Amino acid sequence: MVFFRSLIFLLLQIAITPLFTLIAIFTFPFHPVKRYRIISGWALTMLWLLRTICGIRMKVHGTENIPSVPCLVLCKHQSAWETIALQKVFPPQVWVIKRELLWLPFFGWGLAMTSPVAIKRSEGREAIRQLLRQGKERLALGFCVVIFPEGTRIPFGQRGKYKIGGALLATSSGAPVVPVAHNAGRLWGRNSFLKYPGIITMSIGPAIQPAGLKPEEINRQVEEWIETEVSRLS
């Protein structure tokens, strides 16, 4: 049943995504935040399908830690689930993504309308300068900025190297940093077609205020909190 439920979800996702892409394109004249509120309906639809078809539900702890001002969300990256679920939990947001995602048919076109910070990671210092410049622009528009500090999806139970870009943006912008842990990889693994029923728990940590801290210290605190919490959730 897991295989057939996963297949039904995939087929519905393939059918629904082009429709939302058209909607996304027609939102072009609107303010970026209003565009996001409309386009994020895709993520809410996917969460409903995951719950209804695949039996994947979510539990969230620590919502009281979400600041009332635009913040930086540094999240563990295990699955495609968190890229969807964060849109339900946090205020309007943009993501720091690899530029190649914008080339994907339909999905990438819709993603482009959400004002992401699309970087080419091979550009090194120029990518960091772009992150700092565009990240501050998005914060000024009222967006939270979502960053996956490990840079790529990490298999469940493992950890990657935490890159310092998010911490640099924090010290440069003064925006609070919110660490996020979860155990999504247990039910929907990295690059996995199969989606197993159960409850995914997302845990939101206390905001880290960057004033007086060096980027390396912020990065250390984020990694320590996330990995400790992921171990607890696992």
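Which residues does Phe90 touch, not counting residues up to four places away in sequence? Phe90 touches Ile66, Val73, Val178, Val180 and Ile204, a contact being heavy atoms within 4.5 Å. This is a predicted model, in which local features need pLDDT of at least 70 and side-chain atom pairs count only at pLDDT 80 or more, while totals for chains, interfaces and linings use all residues. Residues are numbered from 1 along each chain as its sequence is written, and side-chain values use heavy atoms, with hydrogens and water left out.

- The buried residues of H4 include Trp81, Leu86 and Val89.
- Ala80 lies in the loop between strand E2 (72-75) and helix H4 (81-89), counts as buried at 16% relative accessibility, and touches Arg153 and Trp188 when residues up to four places away in sequence are not counted.

**Aromatic pairs**

- The whole structure holds seven aromatic pairs, where rings of Phe, Tyr and Trp (its six-membered ring) pair if their centres lie within 6.5 Å, and planes under 30 degrees apart count as stacked, over 60 as edge-to-face and the rest as tilted.
- Tyr36 and Phe143 form an edge-to-face pair, 6.4 Å centre to centre with 85 degrees between the planes.
- That pair links distant parts of the chain, 107 residues apart, with Tyr36 in helix H2 (residues 32-39) and Phe143 in the loop between helix H6 (125-141) and strand E5 (144-147).
- Tyr36 is buried, with a relative accessible area of 3%, and Phe143 is buried as well, at 0%.
- Phe106 and Trp109 form a tilted pair, 5.0 Å centre to centre with 55 degrees between the planes; Phe106 is partly exposed at 37% relative accessibility, as is Trp109 at 42%.

**Salt bridges**

- There are eight salt bridges, each defined as a side-chain nitrogen of Lys or Arg within 4 Å of a carboxyl oxygen of Asp or Glu.
- In the salt bridge between Lys76 and Glu150, the closest N and O atoms are 2.8 Å apart. Lys76 lies in the loop between E2 and H4 and Glu150 in the loop between E5 and helix H7 (165-173), so the pair ties together parts that are 74 residues apart in sequence. Both Lys76 and Glu150 are buried.
- Arg129 and Glu126 meet in a salt bridge of 3.3 Å, N to O, and both lie in helix H6, three residues apart, about one turn of the helix.
- Glu223 forms a salt bridge with Arg159, their closest N and O atoms being 2.9 Å apart; Glu223 is in helix H8 (residues 215-233) and Arg159 in the loop between E5 and H7, 64 residues apart.
- Salt bridges that share partners join Lys76, Glu150 and Glu227 into one network.

How values were computed:
Helix = DSSP H or I, 4+ residues; strand = E, 2+ residues; numbered from the N terminus. Buried < 20%, exposed > 50% of the residue type's maximum accessible area, 1.4 Å probe, protein only.
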